[in-house]
Amino acid sequence: MDFLSQTYTALRGPTGAPQSATETISRLSDRLSPATLLSDRRASVLALKGLTRDWKAEVGERALSGLLEVLYNDAEVDADIGKAVLETLNLLCDVEDNAEIGYKHSDAVLATEKTIHTLFTLLADNTFYVRFATLQFLSTLLQNRRQVVQGYFLTASSGPTSVVSVLEDQREIIRNEAISVVQALVASSPDIQKILAFQGAFEKLFNTIRQEGGVEGGAVAHEALACVDTLLRFNSSNQSYFRETGIPPMLCSLLQFPPNITPQQPPPQDFALQFWDDQKLSNASYAVAIIGMLLGSKGGSEQESAAFTRFLLELALASNAPTPLKSQALHLLPPNINYPLSELVVTPYMPVPETNGEEWDRLEPSSALDALVELAIHGEYNGLYDDKKLKDGLELRAGAASVFENFVRKDEIKEAIVKAMVPDDGSAPPPTTLLQALASPHNSPSAGITSTHLASILFAHLIRLSPQAKATARLIIPRLAPLLEQDAGGSFFVPADGPPPTVQPEPPAEDDDDPQTLLQILNENLSLAFLSRSHANNSDRESREWERLIVGYLTLLSQWLWDDPVAVREFLNAGGLGVLVEPINHITDAESLVPCLCAFLLGVCYEFNREPGEITRHTIHSILHRLGIDALVGCVSRLREDDRFKAVGPDAVVYPYPPTSHIQSAGAAATASKEAEGEIWFDWAFVDFWKSNYYTVQRGFSMEPDQLSSSSVQSAETSMLIASLRETVRKQADEITALQAQLKQASSGSDEVTALKTQVTSLTSQLETAEEKRKDVEKEHEDLLVLLDEISSKRSRDKETMKTAGLEVSDDEADDDDDDDGDE
């Protein structure tokens with residue numbers, strides 16, 4: 001009743017006549033003066049709060065300064081007035097209804113640091129409504145003017161302590177709001193990140209994550225993990241401190257993976273098989289991102305790196321985690337991975353059909369390298385869902401191919417894998433998954449085309465820039481295993497509770513022809529793919545699939561034949577020239593991708609056709625002139641304009657299907673993003689290879705057959721090496737010039753030192769002169785002493801002579817004689 005009475009008294013005029021809103025706001029603003037009673041100020045604040053919703057500009061113009069004074073003077077004293085003034089100021093600075101007024105009021109509030117310092121002081125108040133309203137007001141100010149608030153925070157003595165202490169508030173709503181405030185406060189501010197980290201923010205946040213149930217928790221755990229990620233990302237100091245806290249192993253534990261597991265121990269089934277929903281996926285994604293961040297940064301121990309690497313491999317290759325999480329795990333593996341993939345044994349799982357993911361079969365253990373190749377070639381769960389060609393699934397397979405590329409960067413690893421495919425002592429090795437998918441022909445545009453395309457990408461990683469691996473690959477004679485279906489599963493995907501199905505070996509067919517090498521088989525498969533694409537009854541999607549298969553063959557052959565004259569001769573002798581010329585003759589605006597690649601491969605053949613054979617450089621030269629040199633040069637350059645080629649980047653390999661430009665409505669776009677399909681046309685390694693060498697191919701078209709080819713003097717690798725050395729020499733020359741300039745500047749700045757040295761030299765010379773004079777004086781003094789001694793001796797002799805002669809000697813002289821005797 002007192003509140004209603006006071007409010008009514010404040011609102012009515014002196015005679016009880018009704019007032020306008022402006023007059024009421026002015027009267028209420030006057031009652032905010034410290035000279036009034038606390039109860040009157042409280043009533044005025046509450047009345048202004050109610051008027052703020054409809055008269056925000058007027059309240060801000062007339063009452064904002066008074067409200068700030070109430071905040072400074074009364075909020076700590078009275079919780080009710082503190083809650084009311086914080087909520088009123090929050091409404092005035094809110095930008096949801098009117099952004100211009102909200103930003104104007106925010107700038108007025110933040111005109112000085114006093115407001116922010118007061119808010120951080122109020123966080124120490126344990127009163128629920130005051131602390132909660134303070135956090136809400138800070139959140140609004142951070143949203144409107146984050147950099148200003150961050151600057152004032154750095155000068156607030158009680159800021160770090162009060163913010164971190166709120167993170168351990170037992171009241172859930174306050175703790176959740178505090179996490180949001182911290183996340184906004186540390187954004188793009190390494191200094192604040194360091195301050196809060198050393199104040200114990202990591203420990204407080206992980207306590208919250210544990211209390212919420214880890215990745216099983218809801219939005220609160222998600223926000224806490226996001227806050228940890230923000231504190232660590234791009235902050236090497238915090239990463240080093242985070243490692244010292246002992247918390248990193250807990251990240252693996254959040255996903256049920258034991259951090260101290262030995263390489264010989266298999267991970268528990270609770271890790272491999274879990275129930276997943278969207279919230280858990282989002283939480284786990286942050287945990288995996290933090291692990292990848294620590295793995296890719298400097299300062300981690302070998303034990304930590306090995307544990308994190310195995311965790312990511314097990315998650316991607318031997319768990320039922322969602323496909324996006326597996327892709328993320330593979331992409332976070334370090335590019336210079338040196339983990340022994342061939343020694344790590346993983347146990348994959350396969351979902352039982354028609355059980356909606358509730359039942360799983362445990363498969364035979366296999367090496368992580370085999371599982372990685374199987375994943376890249378056949379897809380997740382051995383291609384169980386590959387018929388949908390979902391973009392997420394292709395991202396996962398592209399990630400596996402990228403890890404494989406990083407693993408085989410060393411030539412010795414490449415050569416060892418390729419050598420294992422070569423027959424030894426007349427007996428052919430068992431067909432590998434890679435070789436099976438690469439050499440098998442296709443009769444229909446089925447899902448196996450993607451497998452062959454990815455197999456060609458993996459094989460290109462094995463032979464690229466490795467002459468020894470190319471020479472070994474020419475000896476491969478595939479012995480393809482008979483399959484009931486073209487796209488049957490991989491070699492190790494068999495249930496663990498039964499033996500693998502036995503396949504009776506077919507008796508060798510009696511054939512007079514020599515067995516075909518892998519290069520000859522690829523040439524034949526390329527020709528068959530061209531023939532299949534030309535069928536008139538193909539749909540647009542089927543023609544596109546055949547085109548994608550042809551692209552896979554052409555990209556592999558381009559990288560194989562580059563700087564390998566023996567392989568070029570074998571390819572040309574197998575009829576490869578005719579296969580390449582035909583598409584170039586029929587290039588159109590709608591279909592230019594394949595002819596461009598054929599023109600590039602034709603240029604490679606002409607460039608490196610140096611071995612004697614039936615098809616010489618003269619033969620190819622006549623064909624080049626018939627096709628037109630300018631037309632071929634333009635055809636090669638035209639590849640850069642294709643959207644499928646331009647879309648490829650180091651981390652972007654999957655091309656959306658259908659292209660996003662074909663999607664019209666927003667609803668269709670949302671549906672497409674959820675169930676989006678995709679395609680893989682190129683990988684970044686080929687794009688980089690093509691960009692590095694296409695000019696050499698274009699220049700080679702104009703070379704005469706008898707003229708030394710443009711790359712015969714030096715290979716592409718040598719050219720790159722020379723260019724790199726030239727760049728190094730240039731940088732070193734620039735550094736020498738800079739050092740010489742610094743030396744010259746230092747020399748010009750040493751005049752004072754030179755003057756001092758001259759002065760020291762002069763003083764030294766003067767000192768030496770004075771020393772010489774002192775020695776001369778001492779010598780003269782010694783000479784005088786000797787002379788005096790001689791005179792005294794002569795006088796004594798004279799006196800003795802006088803005494804002997806009987807002459808009189810005075811007493812003084814006698815005394816002197818006595819003294820002389822005494823002295824003697």
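I looked up which helices line the second largest pocket: helix H18 (278–296), helix H20 (323–331), H22 and helix H35 (666–674) each supply at least two residues. Helices here are DSSP runs (H or I, at least four residues), numbered from the N terminus.

The model is predicted, with local features needing pLDDT of at least 70 and side-chain atom pairs pLDDT 80 or more, whereas totals for chains, interfaces and linings use all residues. Residues are numbered from 1 along each chain as its sequence is written, and side-chain values use heavy atoms, without hydrogens and water.

I noted a volume of about 1,200 Å³ for this pocket, taken as the space filled by probe spheres set on grid points joined across faces, edges and corners. A pocket is an open set of points on a 1 Å grid where a 1.4 Å probe fits, with protein on both sides within 12 Å along at least five of seven lines; lining residues have an atom within 4 Å of a point.

Of the 36 lining residues, I found Pro322, Thr323, Pro324, Glu380 and Tyr385 closest to the centre. H22 gives the most to the lining, 5 residues.

I then followed H22 (residues 391–407) to helix H25 (residues 448–463): their axes, lines fitted to C-alpha atoms over the stretch in contact, come within 9 Å and cross at roughly 20°. H22 is therefore roughly parallel to H25 (angle under 35 degrees).

I listed the contact residues (heavy atoms within 4.5 Å): Leu394, Arg397, Ala401, Phe404 and Glu405 of H22 meet Thr450, Ser451, Leu454, Leu458, His461 and Leu462 of H25.

Technical notes
Axes are lines fitted to C-alpha atoms, for helices over the stretch in contact, and angles run from 0 to 180 degrees between N-to-C directions. Angles under 35 degrees count as roughly parallel, over 145 as roughly antiparallel, 65 to 115 as roughly perpendicular and the rest as oblique.
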